[in-house]
Structure formats: C-alpha cells, structure tokens
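Subject: Handover of a model

Dear colleague,

I am passing the structure below on to you, and I would be grateful if you could read the notes under it with the coordinates open.

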Amino acid sequence: MKLLYPPCDNSVRNRLGKAPNFEASKITIMRFILLLSLPFLFTACIGDDIIPDTVEERVVITNPIDSLLLGTTHRFEARFLNRVGQIEEELVDWTSSAPEVLSIDAEGRASALAVGTADVTATINRPDTDPIAISHTVNVAEEVATPVVISDRTGTLRTTTFYTLGGDFVLKSVDDQLVLELADNYEASSNLPGLYLYLTNNPSTTANALELGEVSVYEGAHSYTLPTTVERNSYSHLLYFCKPFNVKVGDGAFDN
Amino acid sequence: MIFRTLILLLFFSFGTTSLQAGGGWPQPQGHGYFKLFQWWVIADQHFTDLGGIDPNVTNGIFNTGFYGEYGITNRLTGIVYLPFFSRAYFNNTVSGTTGEVLIPGEAINSFGDTDIGLQYGLITKGPVVWSATLRLGIPLGNSAGGSEGNLQTGDGEFNQLLRFDASTSFRLGKLNSYASVYGGYNNRTRGFSDELHFGAEVGVSFLKDHRLTTIFRLIGTRSMKNGSLNDGINNTSIFANNSEFISLSPELAYQLDDHWGVSASFASAISGKIIFANPSYSVGVFYRW
C-alpha cells in the first residue's frame with residue numbers, strides 16, 4: 001500500500017484529483033437539476049395498487065337453526081353475496097326437501113308439520129347465470145333444546161405472510177349473544193403495527209368487513225363478543241389485517 | 001406510522017451515509033462540501049420480523065434537501081443535514097374485480113427531520129486517520145401524518161449518534177483509491193431501541209484527472225433491542241424497535257470542474273428485519289471548495 005496524500009488536507013474526493021475547469025459547467029448543472037426533477041414530479045403522485053379480490057358468488061342463510069319444535073315456525077333469512085363478497089339484493093326462492101315435514105313459503109317462513117328431517121334450500125335464480133343455492137338440514141321434533149340448538153362454527157387461522165399467525169377459533173352462541181373464541185393454540189406476531197381483526201366475506205380486503213378491533217392479545221385463549229347485528233352466518237372468514245400497511249396478514253375460513 | 005420508521009431508518013441509514021464527503025478526514029479550516037440532493041424510495045415490500053419479504057401497499061417518500069460540511073478548524077467540522085421538503089405517500093388500494101378504490105391513498109408534504117453535528121479529527125496524520133462525529137437528530141418532520149397516522153416525514157424522537165471513522169488512501173494499480181470503516185452507537189429516545197451502526201466503503205477514481213469516482217459501501221444497523229413500548233408513541237413505533245439491515249450502496253460521483261460535481265447512488269438491503277426491501281436512490285449536485 002502506498003500513501004498518495006498527506007493525511008490532513010481535504011476531503012477524500014479532493015485528494016483523488018482535480019478535474020479541468022469547464023466554462024459551461026454551471027449551465028450544465030442547472031440542466032441536470034431540471035432533468036432530474038422532472039421524473040419526481042410524476043413518480044411522487046399517488047398511484048393504484050390493484051389487489052385480486054374476486055370471490056365465488058354465493059348465498060347464505062344467516063339465521064339457520066338445527067331443530068324446530070313440532071307445530072312452530074321459523075323465519076329463515078338469506079342474503080346474496082356478489083363476486084367481491086358484497087351484499088346484493090336478489091330475490092330468494094325457498095324450497096323444502098320434505099314439505100310434509102317442514103313447509104316453507106316464499107318469504108322463508110318454515111312451519112314444522114311432522115317429526116322428521118328436511119333440507120331447506122335458498123336459491124338465487126338470475127337470467128343467463130347458473131342458479132346459486134345453499135341448503136341447511138333441520139330436524140323437526142316434539143322436543144328441542146331451549147334455546148334452539150345452533151351448531152358452533154369452527155375454523156383455523158393461517159398466516160399468508162412471514163408474520164406468525166395461527167390457532168383455532170369457534171363462533172358460538174352464549175346467552176343469546178355470538179362470541180368468537182380463539183383457542184389456547186392461538187399466536188400472532190406482536191411486531192406488527194396496527195394489527196386488526198375483521199369478520200369478512202372477502203378475505204382479500206377490509207372493504208365491507210366488520211372491524212372487531214385492534215389485536216391486543218398475541219398468545220393464548222381469548223374472545224370477542226360480537227355486536228347483536230351480526231348473525232351466525234353473516235361472515236365467512238376471519239381476517240387479520242395490518243392497517244398501516246394496508247396489507248393482509250392472514251385469515252381463517254369457517255369450516256361450517 | 002410504520003413508514004415513519006421503515007422509511008426513515010432506511011433514509012437516515014442509506015441516505016445520509018452516501019451524502020458524506022470525507023470519511024475520517026475532517027474538512028480543512030475554511031473549506032467545505034455542500035450538496036443539494038434528491039433522495040427517494042418507492043417500496044411495495046418489506047422484510048418482516050422473521051427476515052422474510054412480504055408485500056405492502058406501495059409507499060413512497062421523496063426528500064429534497066441540503067447537506068453541508070464546513071471546516072471550523074482543521075480538526076473540527078460542522079455538519080448539517082436539512083431535508084427542507086419531504087413528501088410521503090401511499091397508493092390507493094383498488095379492487096381488481098370492480099375497479100373500486102377500497103382504501104384511498106394519502107400524501108403529506110412537510111419539512112423533514114434534521115441532523116446537526118460535529119466531526120473532530122482525532123488522528124489527522126499518518127497512514128490511517130481517525131475522527132469522531134456526534135450527530136443530533138432533530139425531529140422537525142411530521143411523525144404522524146395522514147388519517148391513520150401512518151405517513152411520516154420524521155420519527156418524532158431526538159437521537160444522538162456517536163460515530164468513529166478510520167480512513168486511509170492508497171493506490172490500487174494505477175488508480176487513486178481510499179477506504180474507510182466506521183462504527184457508531186445511536187442513542188434513541190421515546191422508547192425506541194438504540195442502534196449499532198457500522199459500515200465500510202472503498203472509493204476508486206477513474207478517467208482523466210480523476211474526474212469519476214466510484215464508491216462501494218456496505219453498511220448495516222443492529223438493534224440493541226432495548227426499546228420499550230411507550231404509550232405516548234403510536235403503536236407502529238414497534239417497528240422502530242429492533243429494525244436491522246445490511247445493505248450495499250454503490251455511488252458514482254463526477255467532478256465537473258474544480259468545485260462542482262454531480263453524484264448518483266442507490267442502496268439496497270441484502271438482508272433485514274422490519275425494513276423496506278426495495279432500493280432507495282439518490283442524486284445530487286455538490287460544491288466543494
């Protein structure tokens with residue numbers, strides 16, 4: 001190694017040598033600045049990030065029951081969810097697989113006529129498209145539990161990123177109120193800023209989703225009491241979403 | 001808010017490092033180095049806390065600023081870093097199915113966080129020169145802009161970086177060259193983790209009269225993991241704690257005449273945790289005398 005310069009004179013760039021003096025250098029510099037500035041005027045604008053958010057169109061029965069007391073009625077309700085998981089008004093056709101056991105009218109009002117089992121089906125019929133239907137099995141009995149039995153909905157969280165997220169969950173009715181319970185094996189990264197939990201019918205976006213709040217528990221069992229406006233089948237997924245990043249962290253589909 | 005820490009960490013680490021003029025050499029008394037620069041990053045992905053790369057809504061920050069070094073004495077150099085215009089934004093999130101804007105983008109414009117400092121030449125003669133630099137980070141930027149507080153042009157905390165540089169010049173074949181290494185400790189406030197800063201760079205000059213200088217930098221930051229979550233800070237400041245990276249940053253500097261020159265550089269993290277995974281860029285015009 002050979003030292004080229006005395007160690008205390010000027011900056012590194014200076015000691016690397018001098019360039020010839022150019023008459024037009026300042027004009028060149030101003031042109032350079034102008035040219036450099038132009039791209040920034042455009043690239044600094046807000047653009048669009050397009051996300052794939054298509055989901056399968058479907059119809060859901062929002063207030064199913066598993067059993068109905070002989071001689072009583074229940075008004076079923078259904079909603080149609082379009083290809084982005086948004087509710088759309090559509091006419092629902094109601095049918096029963098065993099009308100002698102459980103009859104149902106055009107408004108979705110079912111009447112328990114005889115002991116047995118029947119499948120209630122809600123169908124959306126639209127021109128130029130295939131029908132979309134959902135069925136639910138109802139037992140008609142002389143005695144049923146009080147309150148009327150509604151099976152729990154279960155699922156498992158999965159991460160869709162490199163952040164930790166996992167665990168089982170169950171949606172159940174407790175004292176006539178829906179409660180979402182996360183199991184002991186639940187875990188989530190605490191290094192995510194602004195991690196929020198949503199119920200949604202489109203796991204790609206928070207649009208039309210119900211925000212349950214910012215996540216404050218990152219390990220172990222805990223629960224959320226849902227608003228009374230939420231019905232058992234109102235949503236198909238749990239969605240964990242990082243608000244500051246506007247990015248999905250993970251989700252969990254209800255199995256039933 | 002996450003952008004505050006991600007972008008600013010990236011900026012102050014990648015950005016200001018490439019602005020410096022002299023490595024371990026302080027400016028001679030009455031001489032200086034000034035640079036008007038544009039620095040920017042557009043990022044649609046980031047390193048997670050586990051070191052993987054995940055996508056995020058596209059963020060951008062554009063800083064136009066001024067960097068200056070002035071030799072107060074032959075050993076003492078004053079330093080100022082002044083981003084006088086800083087713009088931060090994030091994109092609209094748009095449905096690919098309907099074209100509807102699901103989450104509208106936002107932007108803020110403001111002054112940016114500013115650094116002032118002093119560099120002192122500890123050993124100014126001999127084959128290797130040493131200097132110590134104290135830089136104070138003044139939080140003049142916006143630390144919680146936008147409707148969700150997730151746009152920032154400053155980190156909202158006052159930090160103090162003490163750094164030591166060692167530099168030497170040498171000949172590489174027929175080419176004039178130099179090399180520098182540095183290490184420093186950044187003491188951060190408001191619950192942010194302190195940081196170790198380290199790096200090395202090699203510069204080689206080319207062309208007639210050494211007008212073109214190429215510089216290669218390897219720089220890094222390691223968290224001391226001693227930060228605490230503070231209720232007074234937006235929770236996204238979690239990202240300020242324990243952020244780490246190692247990056248490569250090449251630069252070209254072209255001397256137009258005895259005083260004026262232009263430079264361009266970029267920096268890209270080759271590994272990291274909780275930091276953007278896209279490269280940053282910088283261009284500038286400098287003047288030295």
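Predicted model: local features only at pLDDT ≥ 70, side-chain atom pairs only at ≥ 80, totals over all residues.

Residues are numbered from 1 along each chain as its sequence is written, and chains are lettered from A and ligands numbered from 1 in the order in which they are written.

**Confidence**

The scores of the model are ipTM 0.81 and pTM 0.80. Two residues are in contact here if their C-beta atoms, placed from the backbone, lie within 7 Å.

**Chain A**

Chain A contains 2 helices and 20 strands, where helices (H or I, at least four residues) and strands (E, at least two) are DSSP runs numbered from the N terminus. Of its 256 residues, 32% count as buried; a residue is buried if 20 or more other C-beta atoms lie within 10 Å of its own, exposed if 12 or fewer, and partly exposed in between, with C-beta atoms placed from the backbone. Among the contacts in chain A with a separation of 6 or more, 58% are between residues 24 or more positions apart.

The chain is divided into domain 1 (58-141) and domain 2 (153-253), with bounds that come from an automatic or database domain assignment. The centres of these two domains of chain A, taken over C-alpha atoms, are separated by 28 Å, and their contact takes 9 residues from domain 1 and 8 residues from domain 2.

An open sheet of 4 strands in chain A runs in the order β3-β11-β10-β7, with mixed pairing; two strands pair if DSSP finds at least two bridges between them. Its edge strands are β3 (67-69) and β7 (92-96), each of which pairs on one side only, and the twist from one strand to the next averages 30°, the axes being lines fitted to C-alpha atoms (for helices over the stretch in contact) and angles running from 0 to 180 degrees between N-to-C directions. Within this sheet, β10 (residues 116-124) and β11 (residues 132-141) of chain A pair in the antiparallel sense over 9 bridges, and A:Asp119 stands opposite A:Thr137 in β11(A).

An open sheet of 3 strands, also in chain A, has the order β4-β9-β8 with antiparallel pairing. Its edges are β4 (73-75) and β8 (102-104) of chain A, each with a single partner strand, so one side of each is left without a neighbour in the sheet.

A:Val55 lies in the loop between β1 (48-51) and β2 (58-61) of chain A, and A:Val55 is buried because 21 other C-beta atoms are within 10 Å. Leaving out residues up to four places away in sequence, A:Val55 touches A:Arg83, A:Val84, A:Gly85 and A:Asn202.

**Chain B**

Chain B has 1 helix and 16 strands, and buried residues make up 52% of its 289 residues. B:Asp155, in the loop between β8 (129-138) and β9 (159-172) of chain B, counts as buried because it has 26 C-beta neighbours inside 10 Å.

**Cores**

A nonpolar core is a set of buried Ala, Val, Leu, Ile, Met, Phe, Trp, Tyr and Cys residues joined through C-beta atoms within 7 Å. The largest has 43 residues, and those with the most contacts inside it are A:Leu195, A:Tyr240, A:Cys242 and A:Val249. Elements that each supply at least two residues of this core include β16 (195-200) and β19 (237-242) of chain A as well as β2 (53-71) and β3 (76-90) of chain B, while the largest share, 6 residues, comes from β1(B). A second, separate core of 19 residues includes A:Phe76, A:Ala122, A:Ile124 and A:Val140.

With best regards
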